Amino acid sequence: MIRILTALSLAALTALPVWAVELVMVEQPGCIYCERWNKEIAPAYPKTDEGEFAPLRRVDISEVEDSVTPERAVVFTPTFLLVEDDHELGRLEGYPGAEFFWPMLDMLLRDKTDFGELAE
């Protein structure tokens, strides 16, 4: 009976999605660049390879240190923290537009994770 329960427990745990890497968007109310990112990028992000690899989590700037362990203070919004187990691996500060966001995110993911190896 114990073996069956152990096997069922293990199956249940492995069936749950576990993301070691996340993209944490640090935002605040009234941030026009956050709004622009929400309009231009947010609808597509979860459907991309990047979004599947590093799901988005949103955090208010006043709650950053309660949610993740940044390498240094977050001063600007939006700031995108690439985190693993809630520890910062790297960041993108600001949002100058989609033509910069996607290549910079790709570079960050390839430099700090095994994203490039999985995409090939």
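Predicted model: local features only at pLDDT ≥ 70, side-chain atom pairs only at ≥ 80, totals over all residues.

Our strand is E1, which covers residues 21–27. Seven of its seven residues are buried, so E1 is largely enclosed by the rest of the structure.

**Which way the side chains point**
- In a regular strand, side chains alternate between the two faces of the sheet.
- Here, Val21, Leu23, Met25 and Glu27 point one way from E1.
- Glu22, Val24 and Val26 point the other way, and residues on both sides are buried.

**Who E1 pairs with**
- Strand E3 (residues 79–84) runs antiparallel to E1, and six bridges join the two.
- As part of that pairing, Val26 sits opposite Thr79 in E3.
- Strand E2 (residues 56–60) pairs with E1 in the parallel sense, over five bridges.
- Met25 has Arg58 as its bridge partner in E2.

**A closer look at Glu27**
- Glu27 belongs to strand E1, and its relative accessible area is 17%.
- Buried means under 20%, so Glu27 counts as buried.
- The Glu27 side chain makes a polar contact with the side chain of Arg58, at 3.0 Å.
- Leaving aside neighbours within four places in sequence, Glu27 is in contact with Cys34, Asn38, Arg58, Val59, Asp60, Ile61 and Thr77.

Key: Residues numbered from 1 in each chain as written. Heavy atoms only, no water. Buried < 20%, exposed > 50% of the residue type's maximum accessible area, 1.4 Å probe, protein only. Helix = DSSP H or I, 4+ residues; strand = E, 2+ residues; numbered from the N terminus. Pairing = 2+ DSSP bridges. Polar contact = N/O pair within 3.5 Å; in protein donor to acceptor, adjacent residues only side chain to side chain. Contact = heavy atoms within 4.5 Å.
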